[in-house]
Amino acid sequence: MPNTVTGEIRSIIDPVVSSLKRHQIEGDKDIALAISHLLMKVISAARWTNPYDLIDLIREVGTILSSAYPRKIITGNVVRRVLALIRDEIETEHNENANTPMMSSMFSLLSTSNNENHKELHKQSKKQMSDLRSIIIQGIRDLVDEISNVNDGIETMSVDLIHDNEILLTPTPTSDTVLQFLIKARAKRKFTVLVTESFPNYIKEAQNFAKKLAEHKIETILVPDSTVYAVMSRVGKVIIGSSAVFANGGCMSNSGVSHVVECAKEHRTPVFALAGLYKLSPLYPFTRDDLIEVGNSGKALNYDDFKLVDNVELVTNALDDYISPDYIDIYITNVGGFAPSFIYRIVLDNYKTEDNTLE
Amino acid sequence: MPPKNKKSKETVQDERFQAIVLTDSFETRFMPLTSVKPRCLLPLANVPLIEYTLEFLAKAGVNEVHLICSAHAEQIQQYIEKSRWTSKNSPFSVNTIMSLESRSVGDAMRDLDNRGLITGDFLLVSGDVVTNIDFNRAMAVHKQKKQQDKEHIVTMVLTKASPLHRTRSHIDPSTFVLDKKTDRCLYYQGIPPVDGHKTSISIDPELIEDIEDEMIIRNDLIDCHVDICTPHVPQIFQENFDYQTLRSDFLKGVLTSDLVKKTIYAYISDDSSEYAARVESWATYDAVSQDVLARWCYPLVPDANLIENNSYTYEFGHIYKEDKVILAQSCKIGNCTSIGSNTSVGEGSSIRKSVIGRNCKIGKNVIIINSYIWENAVIEDNAVINHAIVAANAVIGSNVTLSPGSVIGFNVKIGDNKHVPNNARIVENPIVKDEDSFDSDSFNSDDEETHTENQVPHFEINVKDIDLVGEDGVGFLYVSDRDLEEESESEYGDNYSGIIYQMKSLNVSDDSIASVSDRKAKKHHSHKTRRLSSTSAVSTDFEGGTFSDEEEEDFAKEAEATVHRALENNHDLDTALLELNTLRMSMNVTYHEVRLATCEVLLKKIVEFVTTGTLEAKDATTKIFTHWGPMFKRQVFGGDEEVDLLHILSQKISKLDKAYNQIILFFTVKILYDLDILEESNILAWWKSSGEVADEDLQEAKTLTAKFVDWLQEAEEESEEESEEESE
């Protein structure tokens, strides 16, 4: 691939790359928004005459971004969404210009030389280019809107899913989506929520989460992680937040969640996973090393305790868990609820297969 | 990007937040490797140390970084120029300051003050800090303390550990006395290295007089030398030209000084996920490397790829690999290991808890445990490397064994079948050969050696040791004067490897130390250098007697000269005391020696008066001791020391001319008693103990004083009687 990232572009993306590396932007939503704003800047700053050059550029930027924080799948998702947007735009323009019937576009999908044709066809005038640019930027604006208002779409389903006097359990107190979902349901329903303590990484978050729920007059109980199996028999639904959803229907969530869903399966308790559309990824999960971020060992074992620190062979504090699709009953997204087996279809609607690998 | 620090209301400060990085540590703990490369460019987990510091500064939201370079300044400058920090996307501007004349932290700070770069509060760090602390919290504490206390000048950032923690400095562990409520630092004391003995610190009661609440004495803190300073700090260094080090001189000086009424606070991080440490010795190099590998310093981990072209990926078990690593199918890579790109590992080799650099070749059946192999090194078949460091481009022959603590320098070649003993340090070129190139001396001498010490290589033993490196090997055993001290320190922990925190293995290193100290004593007559850092001198107390004696003689001469000058030129008392104190600290001798020297000079002066007939013995004594006696106020603390002073005086006076020594002793004791330097109970104690000494001269000299003592005794008895009567 030609090196299309110029110094100018580099200076736009570098601050974001380094803050991603330093983990200064945390939170999936913040990262998604930061990336989309960044891509907006890149597209308006970049000089391109051919939309395919732009695609190459965005792919390269995407590679740099995802290597900055390889285990955050969301960065790649946003980049791929933008790429799909550009490709859609090219497609429609191409259809308008060439006035080709639908049939031939079907053929062109199968023929190998179609890309060449496209490129030649797209020697367009400047005016059209600037039109395309503004259309793409508008598309990204819509994406930003979608990401910022992701909770609205999910919340609306809460009343249908939660019943009166039900006991719910959530092991992901870090998820704002779950919080809003429960608060919204409280408007019409009365229910109890069990929140797991989430030791060691999210204790504070769990406490704040429970506090916020209590403020909204939801009966909230903070339970130790180890009691999940014991309480599961009383739980009506498990609601988890997810940090990424793969095309096979599996998802990434906080560490400890896989043990909770295992308990739920044992008790035949339904598991609902909440995920914004931007968390859906066209990728498939392969190796755990590439998926799971390992965090600060100091959280798992106090560093002061030098006798243990010296003598323990290994301290590993995994931050994420992979949940296989078998454990999840329904994904609730801002475009509706879907079974895990149906996720691949939504992925196809939103991404182009050409962009599955960015490099 | 973190939000810019809010301006505090009363201090109108510059928008820019500055950081001063001391790239030089002014110590020689990493010799001989630092003779080629400065400490801050040594790789820690395959990333130059300075990157960790700069990364911390970037995260802390610093806008302007000044690197103060002295030794190897050009290397550092070149490195920085090429690094990503000078690109226009860098979060801060980097400026290297050449401070080639600096020989200590104090010099560097004075240089900084002369340059007038400091515009507001700044962050002072050394170039070897590895930390992930949330700096904004520390800054908030600093701001808050500053508002509460106008005299606040420094906030030290400390983290909790335990006294014998591996990452804590074992060479100069230190004790902080803090106000429990406010974390105000009241006193600081470096304590002798951890060696299993009990140590004590003495605290001047005056210091703790005005404490309202409780105070705590802590010996469990990691001091990584991250300080938030106000612009007063360089000024204080400027005013106190004798301050050399940041802690033992500056901090202690400011806290104990009556003149500088400034306060210093500590910020102690209480979050268990916050990590801070300094790489200041082989022991901490080892510990910090292991901590970085084991993700205690997350997100500062190898797979964060701090340097642009690094490509580390994480695998479970804390294994980090770059791309293009070739591992033989039967080799075993254990936990906590990092391997750089283009490195190949042969069949049957096993590597654990180690760092392997780029482009290394590791042969078959090699065992590498807890060792650090830098880039381009070649390890041939069947070698065993345990707790050792192999610097860049070194070659280790087949069947070689590197014992714990050995350091193989750059480009050294160790021949086949050799056994490198514990703590051996091997360098490519004997440093003594570099004499002719001494014009550029500070570059091949170490970053920390002082100018005088550049001459030291004359006396270094650098033998091309065929026994050690083999027929076809390249390398010389490195033993330098300074190094020897280091070696002896290794008794307590400089042994770089994990040895310090395994107390039981201390004995192992004892023999080797005994042999080196012998050699040292022999050539010590040429040892003229003044120790600059009292920390390294601490170790001398633990060495052979010859050495300490020499030290004391040195001190006696210097101190006598100082007091003499003060008498001749009629300096004021404070100046004389300050000079003496500085001398005492730099030589690291006890107050006993100071008293000895002072008494010697004062008595000489009296004798001079008497023999020249200028004054009578009585007048001379009165004159000298009334004027100069108060010096003892700051040399004598507590009962035992008073008795000690009296012993010194009586011994010395008894050696004087019999014609007048009685008078001198009597008046000396009387005047010192009148000046409240001596308490009567201590005089009596001295009288009692000196009565037992069968020294004729002494007993004779005491005749006149006897009356005085009798009078004291009576007075005391009377007062006792009185009090008894009263109680009746």
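The model is predicted. It scores ipTM 0.87 and pTM 0.73. For chain B, the average pLDDT is 76, and 79% of the residues score at least 70. Over residues 1–14 of chain B, pLDDT stays under 50, and the model has 17 contacts beyond four places in sequence for them. Residues 481–549 of chain B also stay under 50, and there the model has 138 contacts beyond four places in sequence.

Next, chain B as a whole. Chain B has 728 residues, of which 51% count as buried. Its secondary structure comes to 22 helices and 35 strands. If we take the contacts in chain B with a separation of 6 or more, 62% are between residues 24 or more positions apart.

On to the cores. The largest nonpolar core has 145 residues. The members that touch the most other members are Leu44(B), Val130(B), Cys185(B), Ile373(B), Val390(B) and Ile408(B). Helix H1 of chain B, residues 49–60, gives the most to this core, with eight residues. Let me take Cys185(B) from that list. Leaving aside its neighbours within four places in sequence, Cys185(B) is in contact with Met156(B), Phe176(B), Leu178(B), Leu255(B), Ile264(B), Tyr265(B) and Ala266(B).

One helix pair in chain B is next. Helix H17 (residues 617–628) and helix H19 (residues 661–674) of chain B pack at an angle of about 30°, and their axes are 9 Å apart. The crossing of H17(B) with H19(B) is right-handed. From H17(B), the residues in the contact are Ala617(B), Lys618(B), Thr621(B), Thr622(B), Phe625(B) and Thr626(B). Facing them from H19(B) are Ile663(B), Ile664(B), Phe667(B), Thr668(B), Ile671(B) and Leu672(B). Seven of the contact residues are nonpolar, four are polar and one is charged.

Glu274(B) is in the loop between strand S13 (263–269) and strand S14 (276–278) of chain B. Is Glu274(B) buried or exposed? Glu274(B) has 21 other C-beta atoms within 10 Å, so it counts as buried, the cut-off being 20 or more. Beyond four places in sequence, Glu274(B) is in contact with Asn132(B), Ile133(B), Asp134(B), Thr159(B) and Ser269(B). Trp296(B) is 22 residues from Glu274(B) in sequence, and the C-alpha to C-alpha distance between Glu274(B) and Trp296(B) is 8.0 Å.

Then the backbone. Where are the cis peptide bonds I want to show? One joins Phe199(A) and Pro200(A), with omega about 0°. Pro200(A) is in the loop between strand S2 (191–196) and helix H11 (203–215) of chain A. Another runs from Tyr298(B) to Pro299(B), with omega near 5°. Pro299(B) is in the loop between helix H8 (282–293) and strand S15 (313–315) of chain B.

Cys336(B) has a phi of about 50°. Its loop is the one between strand S18 (332–333) and strand S19 (337–339) of chain B. Asn411(B) has phi near 60°, and its loop is between strand S31 (407–408) and strand S32 (413–414) of chain B. What is the burial class of each? Cys336(B) is buried because 23 other C-beta atoms lie within 10 Å. Asn411(B) has 18 other C-beta atoms within 10 Å, so it is partly exposed.

That is the end of the tour.

Key. Residues are numbered from 1 along each chain as its sequence is written. Chains are lettered from A and ligands numbered from 1 in the order in which they are written. This is a predicted model: local features need pLDDT of at least 70, side-chain atom pairs count only at pLDDT 80 or more; totals for chains, interfaces and linings use all residues. Axes are lines fitted to C-alpha atoms, for helices over the stretch in contact, and angles run from 0 to 180 degrees between N-to-C directions. Helices (H or I, at least four residues) and strands (E, at least two) are DSSP runs, numbered from the N terminus. A crossing is left-handed if the near helix is turned anticlockwise from the far one by less than a right angle, and right-handed if clockwise. Two residues are in contact if their C-beta atoms, placed from the backbone, lie within 7 Å. Ala, Val, Leu, Ile, Met, Phe, Trp, Tyr, Cys and Pro count as nonpolar, Asp, Glu, Lys and Arg as charged, and the others, Gly among them, as polar. pLDDT is the predictor's confidence in each residue, from 0 to 100. A nonpolar core is a set of buried Ala, Val, Leu, Ile, Met, Phe, Trp, Tyr and Cys residues joined through C-beta atoms within 7 Å. A residue is buried if 20 or more other C-beta atoms lie within 10 Å of its own, exposed if 12 or fewer, and partly exposed in between; C-beta atoms are placed from the backbone.
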